[in-house]
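Open the model in your viewer and keep the selection tool at hand.

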Amino acid sequence: MDELERLAYTAGLTVVGRAFQNLHSINPATYIGVGKAQEIRDLKQELVFDVVVFDNELSAAQLRNLEEIFDTNVLDRTALILDIFALHANTKEGALQVELAQYVYRLPRLTRRWTHLSRQAVGGVGLRGPGETQLESDRRDIRRRMTRLKQELEEVRKQRDLRRSRRRLRGLPVAAIVGYTNAGKSTLLNRLTDADVLVEDKLFATLDPTTRKVELPSGKEILFTDTVGFIQKLPTQLVAAFHATLEEVHEADILVHVVDIQDRNLLQKVDAVNDVLQEIDASDKPTIIALNKIDLIDPEVVLNEEKHPFAMQNNPVGELQRQYRHVIPISAEQGVGIEDLLVTLEEMLLEEMEDVDLVIPYKGSNLLDLWHKQGIIEREDYAQDGIHVHGKLPKRIKDMVQGNI
């Protein structure tokens, strides 16, 4: 409920109250019990609210029935998150993705809920993005629009593939920064690269991925990509619509999973991120847990197992340290632990390298340059048939070099 309130705040709502109910089963007509619905309706005069937000997804019938009982607008969690995405979609790609997700969500809900002329002028939370005139048109028009959006997004996907192919030709490894929304991903990217990505204390402050180059301690370079924040019960429409964006995660060599160390629901949020990673087939990638906001806690109590074994047994950070090989405490805002993060990242890249023995023709000197930049050369002999090289390369660079000999 705290998270729902933060979502409402991010969407521009002022929360005046909250209610919950324990039920053995969902009421198919109103989701909550009729008595609870009437109780909320009776609060309207006292609290003066004009929208009721539910933490779970509601059916078209439930939305319609609840609006009649409350005599006000009703949103579910999915509609609220879609609205926030519409609010923060600053690029053409982001706008296309959000609009498609909104249509997917609204199409089965095209009831008279969307034809209230009084709401056409009011607009507001839950109605951002595609205008109501589009939603009032028949389903065929909406399906045609969805088809066009999918075609445009396919063009975006091709452009992303092209940019990724160019990056691969440069041979730079890629680290995708993932994590729960508002964990500090954009702050970390800014700290690493001076990327000047928007940072706000709001959920989903940034949607569009940003990629920047970073120099590792050895002098080698790596690309860091900031991605859209994840959240519990992330609408499936968004996962599908943001497929082109999430491919940045799928194509990365290493994941840097940013975790807010002071969050009391730390483990649940890590699980929520892992659920989305599994959904996009990226859960098996080498991962660093970056315990962010270390400056806001006492690190001796939270991180030192030898001095505080009992605290560690009851500490979610201890559980993360048992689950993951690489857990690095950092403060993206203060710059604490950033060097340790980069050193660990470089060690992991080295571990992922494979032994390679190749003969590179003299005309392929560019491949040798790439090997020097992104791999390790242990022996280099010049012979009549070419340059005999033994060393280590990341698998994708190895495949690239072998494919161009």
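**First stop: a helix pair**

Helices α2 and α4 are oblique to each other. This is a predicted model. Select residues 34-42 for α2 and residues 60-70 for α4; the two pack at an angle of about 45°.

Now show side chains. From α2, the contact is made by Ala37, Gln38, Ile40 and Arg41. From α4, Leu66, Ile69 and Phe70 take part.

Move on to Asp71. This residue sits in the loop between α4 and β2, the strand at 73-75. Check its backbone: phi is positive, about 55°, although Asp71 is not a glycine. Most residues other than glycine have a negative phi. Is Asp71 buried or exposed? Asp71 is exposed, with a relative accessible area of 61%.

Jump to Lys293 for another positive phi. Here the value is near 70°, again in a residue other than glycine. Lys293 lies in the loop between β7 (287-292) and α14 (299-303).

Select Phe54 and Leu277. Which core do they belong to? Both are in the largest nonpolar core, which has 53 residues, and these two touch the most other members. Next select helix α5, residues 77-88; α5 gives the most to this core, with 7 residues.

Stay with Phe54 and display what surrounds it. Leaving aside residues up to four places away in sequence, Phe54 touches Leu4, Tyr31, Ile32, Leu66, Phe70, Val74, Leu75, Asp76 and Arg77.

A second core is separate and has 24 residues. To find it, select Ile177, Leu189, Leu216 and Ala290, which are among its members.

**Last stop: the whole chain**

Zoom out and colour by secondary structure. The protein chain has 19 helices and 11 strands. How many of its 405 residues count as buried? The share is 50%.

Finally, draw the contacts. Of those with a separation of 6 or more, 68% join residues 24 or more positions apart.

Conventions: Residues numbered from 1 in each chain as written. Predicted model: local features only at pLDDT ≥ 70, side-chain atom pairs only at ≥ 80, totals over all residues. Heavy atoms only, no water. Core = buried A, V, L, I, M, F, W, Y, C linked by side-chain atoms within 4.5 Å. Buried < 20%, exposed > 50% of the residue type's maximum accessible area, 1.4 Å probe, protein only. Helix = DSSP H or I, 4+ residues; strand = E, 2+ residues; numbered from the N terminus. Contact = heavy atoms within 4.5 Å. Axes fitted to C-alpha atoms, helices over the stretch in contact; angles between N-to-C directions. Parallel < 35°, antiparallel > 145°, perpendicular 65-115°, else oblique.
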